[in-house]
Amino acid sequence: MTKTLTFKVIMCLLVPLLLSGCLGGGTEINDLEIVVGMGVDKDKDTGKILLTAQIVREGEIGSNSGNGGGQNAKAFWNVTATGDTIFDAIREMTHKTGNRLFVSHNHVVIYGYNIAEEGLQEHIDFFLRSHEMRPTAFILIAECDVSAVLDAKPETEELPAMNIAKLLKSHGYTSHFIEVNLKDFISCLMSPTTSPVAPIVEVTPGEESEDIYISGMAIFKNDKMVGKLNKEETRGLLWVKGKIKSGVLLVPSPGKQGKIALEILEAKTKVTPKMENGKIVMDVNIKVDTSLAEQATIENMTTLPGFEKMQKIQEEVIKHEIMAAFEKSKELKADIFGFGEMLHKKYSSKWNAIKDNWDDIYPDIVLNIDVKAEIKKADLLVKAPVPG
Amino acid sequence: MIFLLPVYAIILIINVPGLIKRKEWRELIAFFVFYTIAFVLGLMYVLDITIPSPMKGLNCLISDLLGLKYPKY
Amino acid sequence: MTNIEKGRISGPQLLFLVSGFVQGSVMLIDFAVGMAEKQTWMVILAGLLVSIPFVISYAALAKRFPGMNVIQINDIIYGRILGKLLSIYYIFFLFITLSFNIRDVGELYTIFLMPNTPFIFFLAVFTATCAYAVSRGIEVLARISYLFVITGIFVSISTTILLVDKMDFSNFLPLFELPFIRIFQGIHIMVSIPFGETIVFLMIIGYTNKDGNVIKNTLSGLLLGAFSLFIVAVRNTAVLGITQTIWTAPSFQSTRLIDIGTVLTRMDFLVGIAQTVLIFFKCCLFFYALLLAVSEILGLKSYMPLVLPLAGIEVIIAATVFQSPLDHAEITQNAGIIYSLPLMLVIPPLTLLIAKIRRLPESKGGKVT
């Protein structure tokens, strides 16, 4: 009896020792370079790919909390390497780093604008095929040199790449751009009609160091960048896609002078595609709830007629933003709204006939925009603080 | 390679004495037949001799000779 | 004929055995996506509908001959020579399909989880564990079936719930886009692989208790397993949409998108665990059936001596039967499902029919079950 018991006990102790871990595949953390951000650019001299990888320096994270002596050792290290393809360049980096790059924690992939204008298709395969990469990584286009973007040390975060990811996730506050991860991007790439978009990041000179600023969205036709959306136009795009979370709507005061700032609380969009008599009509219905956040005028807007007036103007502003985006997309013949796919889902047989001519058909689409805005509250003031 | 011989030796040791003791001759023969096949296959694998894949043969038979296959797209 | 297997399983255990077995094919859904794309869910449902009558026939056949497995039944119905030939066909099917499944697990690990470890190592360790589990008999497998089924369903449902906010149900439209031949091939695959492979149970159902309600339990197990596969297919299509077809394993990729509160990220290990465990279960059942069948046809008293040699053969065959996952997918989608079709769709119902006509087995009092 005790013999079998001791045998079982020994097996219980041995088995975890033998089975855990892997044969020839185990790697220690010290043997890996943890990459948090990557940038792809075109090397001006050789025409090859210039890959920048932001590697975390362990030991530095956490030891410099806050602003304990700003010029202290950076918590990261940007390594560059050139290669004919991305995988080639990644392995080239071991010439400089000694350890293999571990891209599992990669949060952002930034493409330089020259690569973006040439075409991203050739340079995106690795990020999808590699089993370490995650499809949740964000994709961005840089207006300037990619290494400058990855070098700009932010004030409140230790790693620029994490900072950029944080910036992207905060798109809800202004809705002037939207985060695009790899999976969203290739969804648009794989669709024969939809044009992908991606946020544009640039470096602006700040007081002590440079600031990262996300300035708009890039429009791609297939995989080549062909144009940009500014803040207003991006908002228009997001209105139609129903991705507005919050933001500021500036409306001119209906009265004398000044502006009124409305905060967007909630927005619901419904797009109905219709094909009638050979014409394509998109009915866009938007229902917006806003609140009066600030009035920079003297006249008291916190009244029912005031609200009505503001609502009307609000609706005009939103329509204007959407039309601005639509005009831009018509100009570039780029279906950034995904209207093609919506038609595909509803009218699949008719779709097959027209999808090859989509570039020519797209500018003829009629957009019917219907906005219903409601101002729900005015926060803490019932009257503007004016005499009388 | 170094795994092959000890593993097969262990298999032999675990099974054979019990079978002989219980005089289960039929089982012993069956055991040895399969054991030999397994050993030969293992040897071929370790020595990098190509082992004919039964499925490849079946595939040839069905897809090429009989022509039963689905069109590619 | 004395039985090699002395254990008995209960009705509910049969249900979980069948369910766990069907769920073991969850990785297969990932392969079928290349063919059926956004219509994978309907291919699963259609395959299920087609398979139900056949699975009922397997259970009815086993019920008619309680305490016996299919090798014995074949001998009774078809006579000794033809019966043995059919049994050899069956054994070949078990043998080679087991090697495919073992290879599946190896591919899972080599592609996703531990790419630097030599392939054959996974196969050997996995098969050795299978061999150990099987050497304990069917009762043990039946007892652990609860655990595996619950794990599988838990992972399917929890990953689906966590991905609800990333789902876009318009990805299922338009509903009937693909040419019918692809849908047909998809249905063929579903009928042959998750559902048709339940002919394995022809070796097992015979050992259910008397009041085991064999037909009801087998059918319920099939439905439960199919439900789990269905949820996975729906989740993947809703989350990944048009990108579904480019990934090797959509289940992993969709789970990688879970990102809640920066804490619940990187959940793909859950999928890895569930898939490994379920395929393990499927392999155990295959291996058990194979051992029992070979021992039965050779007239042995017990299957124990054959466990390790057959395991050794399986490992080598699994390592060499295909050159790469691409090969595996291509051959399985064509010849692989065609050769087994008579075995799944023709022979068991035929056997049942002949049994009914000839009124076999003769039971006491001349009353036919």
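In chain A of this predicted model, residues 24 or more positions apart account for 71% of the contacts with a separation of 6 or more. Chain A has 388 residues, and buried residues make up 37% of them. The chain holds 13 helices and 13 strands.

One residue of chain A was examined in detail. Phe326(A) sits in helix 10 of chain A, which covers residues 304–332. Phe326(A) has 23 other C-beta atoms within 10 Å and is therefore buried, since 20 or more are required. With residues up to four places away in sequence left out, Phe326(A) touches Gly236(A) and Leu367(A). Ile86(A) lies 240 residues from Phe326(A) along the chain, and the C-alpha atoms of the two are separated by 35 Å.

The nonpolar interior was considered next. In general, nonpolar side chains tend to be buried together in soluble globular proteins. The largest nonpolar core of the model has 131 residues. Within this core, Ala289(C) and Leu291(C) touch the most other members. Helix 10 of chain C, residues 268–298, gives the most to the core, with 19 residues.

Helix packing was examined in chain C. Two packed helices are described by the angle between their axes and the distance between the axes. Helix 3 (residues 40–64) of chain C packs against helix 13 (residues 341–358) of chain C at an angle of about 40°. Their axes are 9 Å apart. Helix 3 of chain C and helix 13 of chain C are therefore oblique to each other. The crossing of these two helices of chain C is left-handed. From helix 3 of chain C, the contact is made by Phe54(C), Ser57(C), Tyr58(C), Ala60(C), Leu61(C) and Arg64(C). Helix 13 of chain C contributes Met344(C), Leu345(C), Pro348(C), Pro349(C), Thr351(C), Leu352(C) and Ala355(C). By class, the contact has ten nonpolar, two polar and one charged residues.

The contacts between chains come last. Two pairs of chains touch, and the most contacts are between chains B and C. Chain A and chain B do not touch. The nearest C-alpha atoms of chain A and chain B are 14 Å apart.

The contact of chain B with chain C takes 29 residues from chain B and 26 residues from chain C. On the side of chain B, two or more residues each come from helix 1 (4–21), helix 2 (25–46) and helix 3 (54–65) of chain B. Helix 2 of chain B gives the most to this side, with eleven residues. The side of chain B that touches chain C divides into 20 nonpolar, five polar and four charged residues.

The contact of chain A with chain C takes 16 residues from chain A and 19 residues from chain C. Helix 8 (182–190) and helix 11 (339–346) of chain A each supply at least two residues of the side of chain A. Helix 8 of chain A gives the most to this side, with four residues. By class, the side of chain A that touches chain C has five nonpolar, eight polar and three charged residues.

Note on methods. Residues are numbered from 1 along each chain as its sequence is written. Chains are lettered from A and ligands numbered from 1 in the order in which they are written. This is a predicted model: local features need pLDDT of at least 70, side-chain atom pairs count only at pLDDT 80 or more; totals for chains, interfaces and linings use all residues. A nonpolar core is a set of buried Ala, Val, Leu, Ile, Met, Phe, Trp, Tyr and Cys residues joined through C-beta atoms within 7 Å. A residue is buried if 20 or more other C-beta atoms lie within 10 Å of its own, exposed if 12 or fewer, and partly exposed in between; C-beta atoms are placed from the backbone. Axes are lines fitted to C-alpha atoms, for helices over the stretch in contact, and angles run from 0 to 180 degrees between N-to-C directions. Angles under 35 degrees count as roughly parallel, over 145 as roughly antiparallel, 65 to 115 as roughly perpendicular and the rest as oblique. A crossing is left-handed if the near helix is turned anticlockwise from the far one by less than a right angle, and right-handed if clockwise. Two residues are in contact if their C-beta atoms, placed from the backbone, lie within 7 Å. Ala, Val, Leu, Ile, Met, Phe, Trp, Tyr, Cys and Pro count as nonpolar, Asp, Glu, Lys and Arg as charged, and the others, Gly among them, as polar.
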